[in-house]
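User: I'd like to go through the charged pairs and the helix packing in this one. Can you walk me through it?

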Amino acid sequence: MTVLDAPGAGTGSGSVSVLAHGIGAQHDLPLSPFYAFAGAFAALFVSFLALGLLWPASRFRGDRAGRPLPAAVQRAADARPTRIAARTLGLAAALLVVLHLLLGPADPDRNPAPGAAYVLLWVGLVPASLLLGPVWRLLNPLRTLHLLGCRVLGRDPAAGRPLPPRLGMWPAAAGLLAFTWLELVAPDPASPTALLLFLALYSSAQLAGASLHGARWFDHADAFEAYSGLLARLSPLGRRPGDHRLVLRSPFNGLDATPRLPGLVATVCVLLGSTAYDGFSDAPSWITTVQTSALGRTTTATLGLLAAVALVAALYSLCAGAVRLLSGQLPHPLTAFAHSLVPIALGYLVAHYFTLFVTEGPHTVMVALGTDNPVPPQPFLGPGALATLQVVAIVLGHVLGVVAAHDRSVRLFPPGRAVAGQLPLLVLMVAYTTGGLALLIA
């Protein structure tokens, strides 16, 4: 499958093909709803009970954990040629995408730029960040442009006004919402004009922020650095904060070290909510609603996307409030457990985008190499295996979230309240799991 009738497909001049997101015919997957839901609930409850009985004290040490990699590996990773090569690769890829948007054909089946943005970048950052850590920080072409501009002007790239303490990750959350709106809601997301406009506005905002606040702006405000950085929390590769030593670590320790910044909850909720919207946006009932709405397709789809993000955030906020009531006066309950949502978001991303990546990714590369009428490779998993992978990804993501939340609970709460204080979190995980599975098999 290479095209999908999105809410705005077919509008404008002529027939428009829009890159598919998700797996397409999700409602026909050969999967028993009873066994899927029963297995998911059993996994959550068994893990919750086992953790309550066998995990009485915190075991994660965050950034303090990890076994140092050999010095030769450290030198190679930090070598100036390595970093220059990464920056050059990122900048060259960005320039090629812009050139294809400016000079390439309007048909997305013959222009690799839409696939580069929506598949190789958005979906490809998932496995790249899990394997290698926050790779977009090295590849980010905007960070490279800022560095080159500072060198031309004789400025220190790190120099600039201090970032407002309350800024946190809010700009990154807004950037992610804007990109997912373009991907899932815009009338013609694969249009070169739409992509060029987004890239121009986004790049201008990021470079303006960096010119005021220095390179640290990208750490907090760049949507793709935040996205890659959150996923990299589950990577076995990490760095110690003191000496910046590369270490091998348990992904749970990386997750436990997630900074509790303002906007962290919003960023994760945008990831969860946008993926959920992608899951139900191809349902016949929603397509009919969008097509017949008096508000118009784009407005209705926009409200649907915002509602999905708001629902995810509202459920988590209610959960955080209940945790505070049950456990006593817990400071900042919203950010205390936000890290446990990251593996859930990862599970949703894998479930919804796996097929897209393994089919449209090679197709995009073949188009970029000049292959005429390339045929996307068929998924190497059959429908049954694919359905199993999707369910396992969602359930495993929630189980990892339960483990992360439990370890944080026994660290923060008094011993007598640690298990009881997690009950709202368990209810939240069940609700998210129910919704995630329903989007796959309903």
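User: Which residues are linked in a network of salt bridges?

Analyst: This is a predicted model, where local features need pLDDT of at least 70, side-chain atom pairs count only at pLDDT 80 or more, and totals for chains, interfaces and linings use all residues. Residues are numbered from 1 along each chain as its sequence is written, and side-chain values use heavy atoms, with hydrogens and water left out. A salt bridge here is a side-chain nitrogen of Lys or Arg within 4 Å of a carboxyl oxygen of Asp or Glu. The network is made up of Arg 137, Arg 143, Asp 219 and Glu 225.

User: How far apart in sequence are the parts that Asp 219 and Arg 143 tie together?

Analyst: The closest N and O atoms of Asp 219 and Arg 143 are 2.9 Å apart, so they pass as a salt bridge. Asp 219 lies in helix H10 (residues 216-221) and Arg 143 in helix H7 (residues 141-153); helices are DSSP runs of H or I, at least four residues, numbered from the N terminus. The pair therefore ties together parts whose separation in sequence is 76 residues.

User: Is Asp 256 buried or exposed?

Analyst: Asp 256 sits in helix H12 (residues 251-256) and forms a salt bridge with Arg 408, at 3.1 Å between the closest N and O atoms. Leaving out residues up to four places away in sequence, Asp 256 touches Phe 60, Arg 61, Gly 62, His 339, Asp 407, Arg 408 and Arg 411, a contact being heavy atoms within 4.5 Å. The cut-offs are under 20% relative accessible area for buried, over 50% for exposed and partly exposed in between, with a 1.4 Å probe and protein chains only. Asp 256 has a relative accessible area of 9%, so the label is buried.

User: How do H8 and H9 run relative to each other, roughly parallel or roughly antiparallel?

Analyst: The axes of helix H8 (residues 170-184) and helix H9 (residues 192-213) come within 11 Å and cross at roughly 175°. Axes are lines fitted to C-alpha atoms, for helices over the stretch in contact, and angles run from 0 to 180 degrees between N-to-C directions. Angles under 35 degrees count as roughly parallel, over 145 as roughly antiparallel, 65 to 115 as roughly perpendicular and the rest as oblique. That makes H8, relative to H9, roughly antiparallel.

Definitions and conventions
Helices (H or I, at least four residues) and strands (E, at least two) are DSSP runs, numbered from the N terminus.
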